[in-house]
Amino acid sequence: IDAISNYLNGALPFLWTLIIGLVFVVVIVALPGGLLSLLRLGRLRRASQPPRLTEAPSSIRQDDGVVLQVEALGKHFGSLQVLQDVSFTARAGDLVSLIGPNGAGKTTLMRCIADGRERSAGGVQVGGRSIGRMPPHRCTALGVGRKFQTASVFETMTVADCLLVARSRIARPSLLRRTPVIALPASALEVVHATGLADRLSVEARHLSHGEKQSLELAMVLALEPALLLLDEPTAGLTAPERQRIGTLLADLAHRYRLCIVLVEHDLDFVRRISSRVIVLHQGGIVLDGGVEEAVQSETVRTIYAGAAHA
């Protein structure tokens with residue numbers, strides 16, 4: 001720009017600013033990504049084949065061994081004790097619901113399981129291996145998959161590209177070519193097909209509905225082939241039919257693929273329908289760990305929720 005401006009300033013002293021301005025307008029309109037966008041456009045044209053799904057061999061465990069073991073876990077913020085002496089185990093095929101009033105420490109517990117740096121005391125083991133002080137990405141490599149309450153997807157990327165990115169830890173992408181084939185484990189494929197995302201692979205994630213984004217994030221987490229799946233309020237903001245579909249999917253994932261699923265949920269009807277076990281948290285500790293009907297009939301649980309509602 002400096003070189004051209006100096007030349008035009010001498011050759012066309014009355015027009016050079018207009019010419020430079022027009023060049024800027026053309027570049028902004030036609031090439032907002034600069035000259036490199038021409039190279040990217042060429043690559044996209046060469047890879048114009050529509051994306052297609054295929055099943056990848058999965059390493060998800062099929063036995064009924066202990067997947068998650070939490071031992072005397074504690075978490076405090078200064079003098080504020082959020083979790084204290086929390087201990088429980090969960091096996092492959094278990095669908096464990098964490099319930100309790102707001103402020104009981106449910107989401108904090110999920111963070112402590114998914115990030116070794118979060119807890120203040122105690123230990124967490126996944127698949128018999130301690131997570132120690134591992135950061136989240138190393139916990140993921142150990143077999144932990146976490147889905148957040150608010151869907152975390154790549155808004156400007158297509159559904160297919162979001163799945164490819166999620167799969168990149170296991171199936172390394174090529175620097176030289178782009179593949180239209182998306183190889184996913186059977187569990188992720190089931191979610192993609194059951195929720196209609198298989199017909200929307202070329203749609204950008206920002207154009208999906210709230211429920212579709214939640215389903216896409218679930219499929220992305222499953223693409224990592226976790227042994228332990230952590231879900232924070234998976235039905236938040238979903239319609240009744242969507243809640244029904246997600247509940248059926250989660251129960252199927254636990255039963256057919258022997259996934260260990262731990263979820264935080266406030267919809268007690270949803271919990272009662274899909275859970276194999278319920279853990280009730282109150283004031284940072286476990287007050288009940290047992291069957292669904294035991295939790296539903298517990299006078300202690302009723303008192304806790306009645307007190308929270310009154311407060």
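## Terms and basis

Helices (H or I, at least four residues) and strands (E, at least two) are DSSP runs, numbered from the N terminus. Two strands pair if DSSP finds at least two bridges between them.

This is a predicted model, in which local features need pLDDT of at least 70, side-chain atom pairs count only at pLDDT 80 or more, and totals for chains, interfaces and linings use all residues. Residues are numbered from 1 along each chain as its sequence is written, and side-chain values use heavy atoms, with hydrogens and water left out.

## The open sheet

An open sheet is formed by 4 strands, in the order S3-S2-S5-S6, with antiparallel pairing. Strand S3 (80-91) and strand S6 (129-130) each have a single partner strand and stand at the edges, so one side of each lacks a neighbour in the sheet.

Strand S2 (residues 66-77) pairs with S3 in the antiparallel sense over 8 bridges. Phe 77 has Leu 80 in S3 as its bridge partner.

In helix H6 (residues 159-167), 7 of the 9 residues are buried, where buried means under 20% relative accessible area, exposed over 50%, and partly exposed in between (1.4 Å probe, protein chains only). The buried residues of H6 include Val 159, Asp 161 and Arg 167. They pack against strand S8 (181-184), helix H7 (186-194) and helix H8 (210-222), with contact meaning heavy atoms within 4.5 Å.

The axes of H6 and H8 come within 8 Å and cross at roughly 30°. That makes H6 roughly parallel to H8. Axes are lines fitted to C-alpha atoms, for helices over the stretch in contact, and angles run from 0 to 180 degrees between N-to-C directions; those under 35 degrees count as roughly parallel, over 145 as roughly antiparallel, 65 to 115 as roughly perpendicular and the rest as oblique. Val 159, Cys 162, Leu 163 and Ala 166 of H6 meet Leu 216, Ala 219 and Met 220 of H8.

Helix H9 (residues 240-256) has 17 residues, which at 1.5 Å a residue should span 24 Å; the end C-alpha atoms are 24 Å apart, in agreement. The expected span is 1.5 Å times one less than the number of residues. Among the buried residues of H9 are Glu 242, Ile 246 and Asp 252. Their cover includes strand S4 (95-99), H7 and H8.

Glu 233 lies in the loop between S9 and H9. Although not a glycine, Glu 233 has a positive phi of about 50°, and it is buried at 16% relative accessible area. Arg 258, in the loop between H9 and S10, is also not a glycine and has a positive phi of about 55°. Arg 258 is buried, with a relative accessible area of 18%.
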